[in-house]
Amino acid sequence: MKRRYRFLLSFLAVLGYLIFFPRELSSALSLTPQAIFDLDVSRTAQPVEETIPFAASGYAGFIDPEGRPVYTEKLRYGAAVSPEALINYDSVSTQLVLRNNEGDIRSVIETRGYPFFLQERLLVISTDRLKLIEFSLDGEEQWRMAFPSLVTTCAASGDRILVGLLNGTFLFLDKGGDILFRFKPPEGRIKVAYGAAIDPSTEASLVVAGIDPQTAYLLEELKGELNSIDSFILDSELRRNLLVVSLNSGRFAIEQNNGFILLDRSNLRRRKFSIPGQLLTVAGHPGSDILAVMSRDGTDRYLTLLGSESRYRGGLILSGNDTGTSIVWSGDRLIVIADGRVLVYHLEFV
Amino acid sequence: MFLLKRPVAVALFALCSLILYALDYQWPVKQVFLTGTFGEDRGDHFHSGIDLGGGEQDVYPVDQGELIYFYEESAPASVVPSGLGNFVVAEHSGSVLSLYAHLKASPDGLRNYQLDPAVPLGVMGESGSSLGIHLHLSVIDSDTDNIVNPLLILPPLIDTTHPGIRGVFLARGQEELDLNKGDEPLASGRWDLRLDLYDQSEHSYYWPMAPFRVTVYINGSESVYMTYEFLSFEDGTHYLVNTPGFSHSSMYLSETRISLGEINLNPGETHFEIVVADYAGNETVFQQAVEVR
């Protein structure tokens with residue numbers, strides 16, 4: 001074969017490779033173990049300015065940005081955590097004790113309901129799931145609202161709270177708990193609200209409702225009106241709450257069986273990505289479009305890193321039977337809380 | 001004769017339809033021990049169903065149906081915590097929903113979607129806000145979102161125990177008078193009528209439960225009528241639907257003491273007759289005549 005044909009053939013082979021396997025030539029991602037900390041440390045000697053809240057692996061509390069536990073408690077029945085507050089509560093009680101991130105009691109709230117934080121807003125849901133109350137961190141009631149049907153899902157961002165009900169209705173509440181918008185999804189033989197998330201800008205929301213079909217709706221607020229921008233049918237038809245996560249740069253992740261869908265709000269592009277087992281959580285890297293995805297298959301948990309356009313870029317497997325696992329980014333550190341420990345990894349491009 | 005308001009009439013019509021659909025319903029457990037009734041005080045709300053005890057046992061759907069929602073406490077997407085613990089909501093014919101709460105966790109996080117009355121949908125547990133192993137059962141009319149007393153649609157329980165009336169009181173401002181000790185004449189005008197009452201049955205544990213119906217006659221005329229039939233949502237509040245309608249905050253003074261609202265007493269002898277009934281129709285009657293100045 002003449003030399004120039006050989007050169008042309010080589011060129012075409014490289015071109016074909018780039019077309020069909022484009023990511024193999026790009027840098028892969030790896031997680032380098034950096035530190036490991038035991039969660040069974042009640043409090044550190046030195047107070048720290050910035051803390052990251054967690055409730056996982058049988059513990060609740062705060063770690064510093066390097067993953068070092070600042071204040072931890074063994075989980076009682078459940079825990080509500082925010083960067084500034086922790087409520088570790090029993091299954092039956094009439095008081096909630098709110099502690100700051102150093103473990104000092106900040107306020108006590110008289111209620112029989114169960115607390116949870118959405119972003120940094122403290123909400124208490126009545127035990128019959130028909131009423132929500134928002135409290136300040138000082139324990140003062142801000143507003144309360146009863147609902148005609150059971151609360152199935154809730155999301156918040158900025159001044160907005162989005163509440164999904166068993167009757168399929170979604171209610172958008174303002175800072176004072178007043179109803180701004182009401183969205184009743186048109187599709188579905190069965191009308192139930194299964195999941196919701198609000199974009200950090202509070203302009204866009206993604207809600208999932210209905211069975212037969214189960215539909216995801218992208219909603220946007222524009223000039224004081226709520227508009228349905230896009231909707232698409234979901235294959236999995238999960239009849240429990242499904243994870244809907246608002247990620248960086250206007251993307252939403254929507255849980256499906258053995259995977260999830262990434263929706264880019266800017267161009268309405270959707271990509272389905274398969275992962276091993278059931279999705280546990282998704283965390284978006286603060287400085288890029290990299291996603292850390294935790295899933296479970298049997299007793300193994302898989303941590304998968306996804307780069308741009310949802311291509312697989314690396315990962316690791318955690319063995320063990322821990323029921324609660326949490327992942328959070330702290331700069332380029334990926335902090336994994338599992339098996340009673342804090343595992344700190346550093347993200348590196350290989 | 002009194003005229004029903006339109007929403008109440010619609011609700012009653014829906015309730016009748018629901019009861020007709022419910023003729024084939026079964027109890028969700030084999031061993032029935034009623035430990036809590038519909039409409040009881042739960043601190044800041046009405047009890048929205050009934051509680052069944054009897055230890056760990058299988059839980060069956062009350063009728064054929066389809067699972068439309070289930071909540072597992074350990075599921076990663078269970079962001080909103082649940083005082084109901086692990087629970088399942090089933091849809092049956094006639095727009096009837098049934099809810100089964102405080103279940104044991106499903107071992108694999110999965111539940112059957114098609115429900116057969118002969119196949120358990122779960123196991124009684126103590127997840128959520130629970131003081132012991134029990135099942136909380138709610139029934140919802142999905143057309144109206146009304147929460148219906150499950151005892152209205154389930155097969156009847158044998159119950160020969162009468163409800164109890166511990167006391168009847170008239171209150172105004174800080175003053176509260178016990179009608180059982182009513183030797184002194186009463187001042188005329190408006191008084192808040194309060195009852196301390198409870199129910200129990202052969203199937204219940206010995207702690208007070210809510211009865212089913214209270215009727216107050218003053219000088220032979222029906223003055224107050226309330227039943228624990230269903231909860232309806234209006235103006236941001238759940239009411240026991242009847243005339244005039246009772247909200248939890250306006251009605252419950254303590255776990256067993258309720259306010260039936262204001263009555264007007266005119267000068268002269270006033271005869272009180274208060275009839276408290278349970279679900280099986282057992283009645284306890286309080287009668288007292290008092291002098292009003």
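1. Over the face of which ring does Arg270(A) lie, and at what distance from the ring centre? In this predicted model, Arg270(A) is placed over the face of Phe232(A), 4.2 Å from the ring centre. In chain B, Arg172(B) lies over the face of Trp191(B), at 4.2 Å from the ring centre.

2. Over all chains, the structure holds 10 aromatic pairs. One of these is formed by Tyr194(A) and Tyr69(B), a tilted pair with 6.2 Å from centre to centre and 40° between the planes. Since Tyr194(A) belongs to strand β17 (residues 190-198) of chain A and Tyr69(B) to strand β4 (residues 65-71) of chain B, the pair joins two chains. Tyr194(A) is buried, at 0% relative accessible area, and Tyr69(B) is likewise buried, at 0% relative accessibility.

3. The rings of Phe46(B) and Tyr252(B) are edge-to-face, because their planes meet at 65°, with the centres 6.0 Å apart. Phe46(B) sits in the loop between β1 and β2 (50-52) of chain B, and Tyr252(B) in the loop between α2 (248-251) and β19 (257-265) of chain B, so the pair ties together parts that are 206 residues apart in sequence. Both Phe46(B) and Tyr252(B) are buried.

4. Tyr194(A) and Tyr69(B) also belong, with Tyr71(B) and Phe87(B), to one aromatic cluster.

5. The second largest pocket has a volume of about 920 Å³. Of the 41 residues lining this pocket, those closest to its centre are Arg112(A), Arg42(B), Asp51(B), Ser129(B) and Leu131(B). Its lining divides into 15 nonpolar, 19 polar and 7 charged residues, and β1 (34-36) and β13 (189-198) of chain B each supply at least two residues of the lining.

How values were computed. Residues numbered from 1 in each chain as written. Chains lettered and ligands numbered in written order. Predicted model: local features only at pLDDT ≥ 70, side-chain atom pairs only at ≥ 80, totals over all residues. Heavy atoms only, no water. 1 Å grid on protein atoms, 1.4 Å probe; cavity = no way out; pocket = protein on both sides within 12 Å on 5 of 7 lines; lining within 4 Å. Points joined across faces, edges and corners; volume = space filled by probe spheres on them. Helix = DSSP H or I, 4+ residues; strand = E, 2+ residues; numbered from the N terminus. Nonpolar A, V, L, I, M, F, W, Y, C, P; charged D, E, K, R; others polar. Phe/Tyr/Trp six-rings, centres within 6.5 Å; stacked < 30°, edge-to-face > 60°. Buried < 20%, exposed > 50% of the residue type's maximum accessible area, 1.4 Å probe, protein only. Lys NZ or Arg CZ within 6 Å of the ring centre and 35° of its normal.
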